[in-house]
Amino acid sequence: MNMVEKILAKASGKKEVKPGDVVVANVDTLLLHDLSGYITANVFENEVKKEMRYPERVAMVFDHHFSPPTEQRAEVLERNREFARKYHINLFDCGSGNIHNVGVRNGFVRPGTIVVGSDSHTPVHGTMGCFATGLGNNSNAATVMAYGKAWFMVPKTIKIELTGSTRPGVTPRDVALWLTGQIGEGGAVYRALHFTGQYIKDLDVWDRWLFPLITIDVGGKCGFIDPDEKTAEFIKQYTDEPFEVITSDPDCEYEKVLSFDISDLEPQVAASPTLGNVKPAEGFGGRPVQWAELGGHGGARLEDFRQAAEILKGRKLAPEVKFNAVPSSRETFEQCLKEGIVEIFHQAGASWFPASTGSNQAINMGAMSKHESMISTHARNFPGRNGSPEAIMYLSSAYTVAASAVKGCVTDPREFLEG
């Protein structure tokens, strides 16, 4: 069996499972943000009407409404706070960071466990050697909150093997964007994606993070990377709770194997209207941008800020560009302070925002008019996601975001990194 199959078997009390089996499994962690938490709480109280079975396993993070712009939005947060107090669940209020970083940094994600949530990017936690997937609000309310369980159909698995070494200026984010285009939107419906190969093994954990993140965007049920010593040491930074490192059998079966050598890859950009509309940065080169942002579930890591600072140091933003710096966690912001990155961004003309998910869905910030465009490290670029459905969102690495912000148009970052 592979890692996911072993975890599902163990959590459902079975010796083994195979693709197509339906299991009822114990859930270790439920992650909710302020939007999904509000809906789930209402379903739980108004329809389910049971006790919270394991409140210690539930975490709600305020990362979308981090600065409520209206009274109605403020009332959503107050309702969430009341729910958290009543049922004694873990609450991380405004400014704590984005949901998935908070989940990891506070010990809710551990190898060998099952992690669920309403956010569609919950599969990102497969980076840590667990089975992680998104569930609907009703399922979270009716089964996870009430019983600490959920049912799953065991998915077929696609092995994605990455080899080679990237060129200077090409980052794991570029590889992940490119890979989304190679697999195709809808190219892995209800599949588990096993990311492997020497390239993956050589990456630090926060860079590995970018690969299970794309799972939902190609239709997958979950993505995962077999845990190793790097994973175990990483998790030990954030929790003293015991965990089991579960790995795939060498002879486990796959529906298919996709192998890619990424040695010749160039910096990538994905442009609205879809994530699959991805090509080398120079393919969109010269297109004007009015906004730049480091933020989102897959962006605003410390690694992103360090990369962007390489380009921003000693430079100014183009006059027409506004740059949003939105750290993924308070810890990330603190380290940016220590390394002088906050000053570099400030002197370049960028604006810092609280640790959160940033302009995701334009609830607090970042809404664009139909004439504007943004380049960012966000995970989505759908029309209307950040304001007008006619606005354009370009997704890229932090290098490309910073280079484009300086030039005022989509720019291959190697222009600033070479020589």
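Arg208 counts as buried, at 1% relative accessibility. Buried means under 20% relative accessible area, exposed means over 50%, and partly exposed lies in between, with a 1.4 Å probe and protein chains only. Arg208 forms a salt bridge with Asp228, with 2.7 Å between the closest N and O atoms. A salt bridge here is a side-chain nitrogen of Lys or Arg within 4 Å of a carboxyl oxygen of Asp or Glu. The pair links distant parts of the chain, 20 residues apart: Arg208 sits in helix α8, Asp228 in the loop between β10 and α9. Asp228 is partly exposed, at 28% relative accessibility. Helices (H or I, at least four residues) and strands (E, at least two) are DSSP runs, numbered from the N terminus.

This is a predicted model: local features need pLDDT of at least 70, side-chain atom pairs count only at pLDDT 80 or more, and totals for chains, interfaces and linings use all residues. Residues are numbered from 1 along each chain as its sequence is written, and side-chain values use heavy atoms, leaving out hydrogens and water.

The salt bridge count comes to 20. Arg191 and Glu255 form one of them, at 2.6 Å from N to O. Arg191 lies in strand β9 and Glu255 in the loop between α9 and β11 (256-261), so the pair ties together parts 64 residues apart in sequence. Both are partly exposed: Arg191 has a relative accessible area of 21%, Glu255 one of 37%. Lys18 pairs with Asp21 at 3.2 Å between the closest N and O atoms. Lys18 is exposed, at 51%. Glu78, Arg81, Arg85 and Asp93 are linked in a network of salt bridges.

Glu303, in helix α10 (residues 302-312), is buried yet has no salt bridge. Beyond neighbours within four places in sequence, Glu303 is in contact (heavy atoms within 4.5 Å) with Trp206 and Asp207.

Now the nonpolar interior. In soluble globular proteins, nonpolar side chains tend to be buried together. A nonpolar core is a set of buried Ala, Val, Leu, Ile, Met, Phe, Trp, Tyr and Cys residues joined through side-chain atoms within 4.5 Å. The largest one has 44 residues, and Ile160, Leu162, Leu179, Phe195 and Phe211 touch the most other members. Elements giving two or more residues include β8 (156-163), α6 (172-183) and β9 (191-196). α6 gives the most, with five residues. Leaving aside neighbours within four places in sequence, Phe195 has contacts including Ile160, Leu179, Phe211 and Phe224. Apart from this core lies another, of 40 residues, among them Val23, Val27, Leu32 and Met52.

Helix α5 (residues 137-147) has buried residues Asn140, Ala141, Val144, Met145 and Ala146. They pack against β2 (29-33), α2, β3, α3 (71-87), β5 (114-117) and β7. Gly148 follows α5, with a positive phi near 70 degrees.

Pro55 is in the loop between α2 (34-48) and β3. Pro55 is buried, at 18%. Its C-alpha lies 6.6 Å from that of Tyr87, 32 residues apart along the chain.

Val22, Val24, Trp151 and Met153 make a nonpolar surface patch of about 420 Å². Patch residues have over 30% relative accessible area and no salt bridge; like charges are joined within 9 Å, nonpolar side chains (Val, Leu, Ile, Met, Phe, Trp, Tyr) within 5 Å. Areas come from the Shrake-Rupley method with a 1.4 Å probe; for residues, only the protein chains shown count as cover. β1 (22-26) and β7 (149-153) each give two or more residues. Trp151, in strand β7, is exposed at 57%.

Technical notes. Lys, Arg positive; Asp, Glu negative; His and termini not counted.
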